[in-house]
Amino acid sequence: MTTPRLHEPDNLVLQARDVHFDWSAVPLHWIPGDPVATHLVNVLHLLLPAGEEWFVRVFTEALPLVRDERLREDVLGFIGQEAVHASSHDGVLDHFAAQGLDVRPFVRQVEFMFESLLGDRGVTGERGRAWLYERISLIAAIEHFTGVLGDWILNAEALDRAGADPTMLDLLRWHGAEEVEHRHVAHDLYMHLDGRYVPRVRAMGETVTMLLALWQRGHRYLMWADPQVGGRVKGGLHHFRRTGPAGLTPSGRLLLPSIRRYLRRDYSPLGEGSTEQALAYLASSPAAQAALR
Amino acid sequence: MTAPIPPSLNGRRDRDPFWVAVSAVFGGIHRVRRLRQPVLPPVRPVERDLAMVVREVRREAADVVSLRLAAADGRVLPAWQPGCHLDVLLPSGRRRQYSLCGDPADRRTYRIAVRALPAGAGGSVEAHGLAEGDALRVRGPRNAFPFLAGERYLFLAGGIGITAILPMVHAAARAGADWRLVYTGRSRTTLPFLDELPAERVTVRTDDVDGVPDCAELLSLAAPGTAVYCCGPAAMIDGVRAAFPAGTGSTLHFERFAPAPIVDGKPFEIELRGSGVVLPVPADRSALDVLREAVPGVAYSCRQGFCGTCRVGLVAGHADERAVSDADESGLLVCVSRASGGRLTLDL
């Protein structure tokens with residue numbers, strides 16, 4: 001029997017899913033025997049809760065400016081999904097602490113970035129709006145990566161082969177699938193409110209710079225603070241040279257061409273990843289299916 | 001940028017040099033950019049409403065009519081897929097959602113079907129009063145019930161729920177998938193579109209002949225690895241959800257209608273701290289429903305109390321009917337929590 005051919009689903013109503021995860025049985029090194037690759041992915045757990053809460057605050061601030069009913073509905077669906085993502089990753093951080101990996105110093109720095117550097121600067125009027133638009137341009141650039149990474153994790157079969165923990169994989173893939181599902185929203189919001197090309201390029205430059213710096217610092221920190229590694233292996237971006245080609249983490253070969261696509265004037269996030277694949281995962285995800293019952 | 005720079009990761013320095021540098025660069029860029037007054041492009045409103053005309057009204061069952069709608073100017077309509085619905089703005093201003101139940105390949109007309117509910121809020125009765133040539137505005141189509149490629153399907157349709165399922169059945173049949181449909185209702189005369197369903201693979205199950213269906217029995221028709229698509233009355237969907245077996249590789253799909261109706265609510269008032277405006281919240285509406293009308297751009301999302309995006313600060317008053325998920329007394333999840341009377345002052 002052949003699988004029926006259907007069109008890529010379109011015009012989706014975005015809705016948050018009330019998912020829950022039980023972390024109690026998840027080992028610290030959830031990619032067995034590979035703390036280096038485990039922590040390269042774990043850096044995302046450190047960045048996402050504070051980052052996604054910031055997305056929700058910024059988009060909430062933008063809502064009254066939206067003059068497109070449909071985009072407004074998309075933004076409302078988006079903030080609900082992001083809020084649940086943030087709280088789900090928070091659960092992982094508590095689990096790290098329970099296993100003797102104290103991530104608070106790093107999380108504190110991430111919170112400083114999102115709440116203070118990128119927070120409300122007390123500017124009003126046109127300058128306030130410009131600062132809002134600038135933050136939306138950053139979120140659009142970050143959401144480009146979350147969509148690309150979401151597509152990556154949905155297809156990262158090497159993690160299954162490596163025996164990665166199923167609960168952790170379900171968290172990452174449920175999250176990744178919703179990122180793919182809503183990948184157009186931040187870009188649509190930016191294009192609706194501002195839409196200028198140069199700020200988009202600038203936002204991508206700032207995002208790439210900070211993402212690389214935080215990934216390097218986060219990985220070095222996790223390898224240093226991990227009670228089982230005990231600082232014997234030094235962390236850093238150079239580990240991607242092994243883990244990327246092995247399929248255990250994303251790779252430069254994946255991210256660099258996607259940045260070139262983002263910089264095209266006719267960029268559309270819909271070209272990254274597959275809604276059909278994302279929805280198919282959400283239909284079978286243990287956490288997302290449990291949320292239906 | 002008021003918060004202090006955080007300490008270094010190893011705790012040896014009070015201000016991490018990395019963040020000192022980032023703050024300096026970031027602050028510098030902003031100081032330079034602030035020398036110029038920003039020039040922001042204006043936001044262009046986007047009109048999404050489609051002006052439509054009723055082209056055909058057909059009686060499909062005892063209390064069901066179908067309406068065929070076309071663009072007022074006869075143009076090609078936006079494409080849609082099985083599971084999509086349309087937001088219909090009725091002449092009275094009521095807004096109702098109806099599943100598209102026609103053929104997605106027909107790009108000139110949309111078909112919806114409406115069951116008359118004389119005890120309802122008036123939308124279905126109004127829709128039944130529409131005649132050929134009447135004008136309507138619609139928005140959409142949008143999809144809250146996506147139909148995914150698969151090899152095996154079980155469709156469960158209850159009464160008017162067939163509208164969402166019908167295009168899925170045809171798509172599954174066209175794709176050559178292995179599918180079955182169980183179509184339930186009170187009696188055959190109340191079931192629309194029986195004439196559009198193929199005879200084989202379809203089981204019609206009516207209460208007057210077969211008794212009230214048992215959800216576990218319906219689901220027993222699903223072999224492992226079946227995608228089950230269910231659309232019908234809320235009680236049927238809840239029954240199927242509760243009876244759905246885990247661990248068989250089968251997946252469950254239904255349209256997630258936003259909030260459940262409020263039961264045993266009591267009227268109370270909310271006051272907006274900023275403006276001092278006082279708004280009454282009736283027993284059958286949430287504080288969020290009332291706020292959405294009064295405050296443009298109010299944030300919310302799941303409307304079921306789990307995402308937390310609608311939380312607002314609670315300045316005064318006692319919210320004594322809180323949802324379980326809303327324990328923090330300093331705020332209020334306006335989508336689900338309420339008071340049994342009196343006034344709540346919100347930080348809005």
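The model is predicted, so local features are taken up at pLDDT of at least 70 and side-chain atom pairs at pLDDT 80 or more, while totals for chains, interfaces and linings use all residues. Residues are numbered from 1 along each chain as its sequence is written, and chains are lettered from A and ligands numbered from 1 in the order in which they are written.

Chain B is a handy place to start. Its domain assignment, with bounds that come from an automatic or database source, gives domain 1 (1-37), domain 2 (50-143), domain 3 (152-254) and domain 4 (268-346). The centres of domain 3 of chain B and domain 4 of chain B, taken over C-alpha atoms, sit 38 Å apart.

Some ground rules for the sheets come next. Strands (E, at least two residues) and helices (H or I, at least four) are DSSP runs numbered from the N terminus, and two strands pair if DSSP finds at least two bridges between them. Strands of a sheet pair through backbone hydrogen bonds, either parallel or antiparallel.

In chain B, an open antiparallel sheet is built from 6 strands in the order β4-β3-β6-β1-β2-β5. Its edges are β4 (95-99) and β5 (109-115) of chain B, each with a single partner strand, so one side of each has no neighbour in the sheet. From one strand to the next, the twist averages 40 degrees; the axes behind such angles are lines fitted to C-alpha atoms (for helices over the stretch in contact), with angles running from 0 to 180 degrees between N-to-C directions. Strand β1 (residues 50-61) of chain B is joined to strand β2 (residues 64-71) of chain B by 8 bridges, running antiparallel, and B:Val53 has B:Ala70 as its bridge partner in β2(B). Strand β1 of chain B also runs antiparallel to β6(B), this time with 4 bridges; here B:Met52 is partnered with B:Leu136. Strand β3 (residues 84-89) of chain B is tied to β6(B) by 5 antiparallel bridges, with B:Cys84 standing opposite B:Asn143.

Most residues other than glycine have a negative phi, and most peptide bonds are trans.

Another open sheet in chain B has 5 strands, ordered β9-β8-β7-β10-β11, and its pairing is parallel. Strands β9 and β11 of chain B stand at the edges with a single partner strand each, so one side of each is left without a neighbour in the sheet. Neighbouring strands of this sheet are turned against each other by 15 degrees on average, direction ignored. Strand β7 (residues 152-158) of chain B and strand β10 (residues 227-231) of chain B pair in the parallel sense over 5 bridges, and B:Tyr153 has B:Ala227 as its bridge partner in β10(B).

Two loop residues of chain B stand out by their backbone. B:Phe193 has a positive phi of about 70 degrees although it is not a glycine, and it lies in the loop between β8 (178-185) and β9 (202-206) of chain B. B:Asp264, likewise not a glycine, has a positive phi of about 60 degrees and is found in the loop between β11 (251-254) and β12 (268-272) of chain B. As for burial, a residue is buried if 20 or more other C-beta atoms lie within 10 Å of its own, exposed if 12 or fewer, and partly exposed in between, with C-beta atoms placed from the backbone. B:Phe193 is buried, with 20 other C-beta atoms within 10 Å, whereas B:Asp264 counts as exposed with 7 C-beta neighbours inside 10 Å.

On to the packing. A nonpolar core is a set of buried Ala, Val, Leu, Ile, Met, Phe, Trp, Tyr and Cys residues joined through C-beta atoms within 7 Å. The largest one has 174 residues, of which A:Ile136, B:Phe155 and B:Ile165 touch the most other members. Leaving aside neighbours within four places in sequence, A:Ile136 is in contact (C-beta atoms, placed from the backbone, within 7 Å) with A:Val58, A:Ala62, A:Leu189, A:Tyr190 and A:Leu193.

The contact between the chains takes 54 residues from chain B and 59 residues from chain A. On the side of chain B that touches chain A, the elements giving two or more residues are α1 (17-33), β6, α3 (162-174) and β11 of chain B.

Technical notes. Contact = placed C-beta atoms within 7 Å.
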